[in-house]
Amino acid sequence: MAVIEAIETVYLELDTASVTFDSLSGYEHLQIRVSGRHNSAGSGGRTIYLRFNGDTGSNYSSESIQGYNGANTGADRYAGQAYVYAGGRLTGPLTPAAENYGVSIINIPDYANANKNTSMNQMSGTTLGYSSGTFTWFGGSVWDNTAALTSVLLYPEAGSFVRGTTISLYGIKSS
Amino acid sequence: MAVWNVIDHEEFSGSATSYEKTSIPASYDHLYFVASARTDVSTYLGSSKLTFNGIGGTSYDLTTMYATTATPTSGSETSNDCINYIYVAANSVLSDTFGTVEIWVPNYANTSNYKQVLSKWTCPNNSTTNSQWIVGQTAGLFMNTAAINQFTFSENTGGNFVQYSTFTLYGINGAG
């Protein structure tokens, strides 16, 4: 049996508010790959938010490093939010080309270990997220809960995922 | 031949100063390492390091970029005895929280070239205070043409990785 397996791929044929994966068991690590765009009017690049096991409490914290709009750099940190802030990056209506979708890779190691909180990292980017704006992003987040992960919810910071967004979930084994 | 292969996996049942895999076969194209780790050092940022083949000396260069404040930082070091600037969670971070580490070592078994290393790491925390969280990535160079057959990932300040820290080493194949 393969060490890495595609658990599920969602290809959106309609604009969709969120995507949930809830068949996660049997692996050591999870990886989610997103090619995505949102439809929030008047905005360009936006963030992907995540929630685990349906938890809407203020139990998520995120930190990130980014480069944007040419030579600019920065870092963000948020504690006690109701979602993973640093989940990835989407393009949007102000992105010049409708065919331009942002890319994100989310890693969730040891997600089923009930002795530790769920930590994750993500690397993402959008070229021309706005008319001249670019964005590359690396972040880490923690969900303050030791429960084994049973579901992952992904949704845009604003609006919905647009048609053509593709989100794939992979499971990676350790034996 | 499978593309992904598990070389080794360990979950620590107690504290230990390092994860080490010896006798790594040369039969893959690349190495990929995943860790979910926390140290017992009484600080926030758990400094860790990487060495190959049991070699220290002056065999490693590195360049890094990271954020532990609102202003990202970059830097480099030469002729190190290890690849450091790899951070996980330490004992003062939110309880039960472990850092994430990914390391790629492409073409690890070739005997003609030095070995390039790329690591990404996070120490997430429920704090926005400077130096109580960190995210970053570090590129390293092992200046040795020997095939890598030993991979050692260690706590870097005299402490230990704690129970439930996990370490997985994969061998990745390209097309035959």
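Strand S3 (residues 30–37) and strand S8 (residues 99–106) of chain B form an antiparallel pair over eight bridges, where strands are DSSP runs of E of at least two residues, numbered from the N terminus, and pairing requires at least two DSSP bridges between two strands. Within this pair, Tyr32(B) is placed opposite Trp104(B) of S8(B). The model is predicted: local features need pLDDT of at least 70 and side-chain atom pairs count only at pLDDT 80 or more, while totals for chains, interfaces and linings use all residues. Residues are numbered from 1 along each chain as its sequence is written, with chains lettered from A and ligands numbered from 1 in the order in which they are written.

Both strands belong to an open sheet of eight strands in chain B, with antiparallel pairing and the order S1-S12-S3-S8-S9-S10-S5-S6. Its edges are strand S1 (4–11) and strand S6 (73–80) of chain B, each of which pairs on one side only. From one strand to the next the twist averages 15 degrees; axes are lines fitted to C-alpha atoms, and angles run from 0 to 180 degrees between N-to-C directions. Strands of a sheet pair through backbone hydrogen bonds, either parallel or antiparallel.

Chain A contains 12 strands and zero helices, helices being DSSP runs of H or I of at least four residues. The radius of gyration of chain A, taken over C-alpha atoms, is 16 Å, close to the 16 Å given for 175 residues by the globule rule, so chain A is as compact as a globular protein of that length. The rule is 2.2 Å times the number of residues to the power 0.38. The C-alpha trace of chain A spans about 45 × 35 × 25 Å along its principal axes. Of the 175 residues of chain A, 49% count as buried, meaning that 20 or more other C-beta atoms, placed from the backbone, lie within 10 Å of the residue's own; 12 or fewer make a residue exposed, and values in between partly exposed. Among contacts in chain A with a separation of 6 or more, 78% involve residues 24 or more positions apart, a contact being a pair of C-beta atoms, placed from the backbone, within 7 Å.

Between the chains, 36 residues of chain A are in contact with 35 residues of chain B. S6(A) gives the most to the side of chain A that touches chain B, with seven residues. By class, this side has 11 nonpolar, 18 polar and seven charged residues; Ala, Val, Leu, Ile, Met, Phe, Trp, Tyr, Cys and Pro count as nonpolar, Asp, Glu, Lys and Arg as charged, and the others, Gly among them, as polar.

The largest nonpolar core has 82 residues, and those with the most contacts inside it are Leu50(A), Val88(B), Cys123(B), Ile134(B) and Phe151(B). Such a core is a set of buried Ala, Val, Leu, Ile, Met, Phe, Trp, Tyr and Cys residues joined through C-beta atoms within 7 Å. Strand S7 (residues 83–89) of chain B gives the most to this core, with six residues. Residues touched by Cys123(B), beyond four places in sequence, include Val88(B), Trp133(B) and Ile134(B).

Two loop positions of chain A were also examined. Ser40(A) lies between strand S3 (29–36) and strand S4 (46–52) of chain A and is partly exposed, with 17 other C-beta atoms within 10 Å. Its contacts beyond four places in sequence include Arg46(A), Gly92(A) and Pro156(A). Leu24(A), in the loop between strand S2 (19–21) and S3 of chain A, is partly exposed, with 19 other C-beta atoms within 10 Å.

Definitions and conventions:
Two residues are in contact if their C-beta atoms, placed from the backbone, lie within 7 Å.
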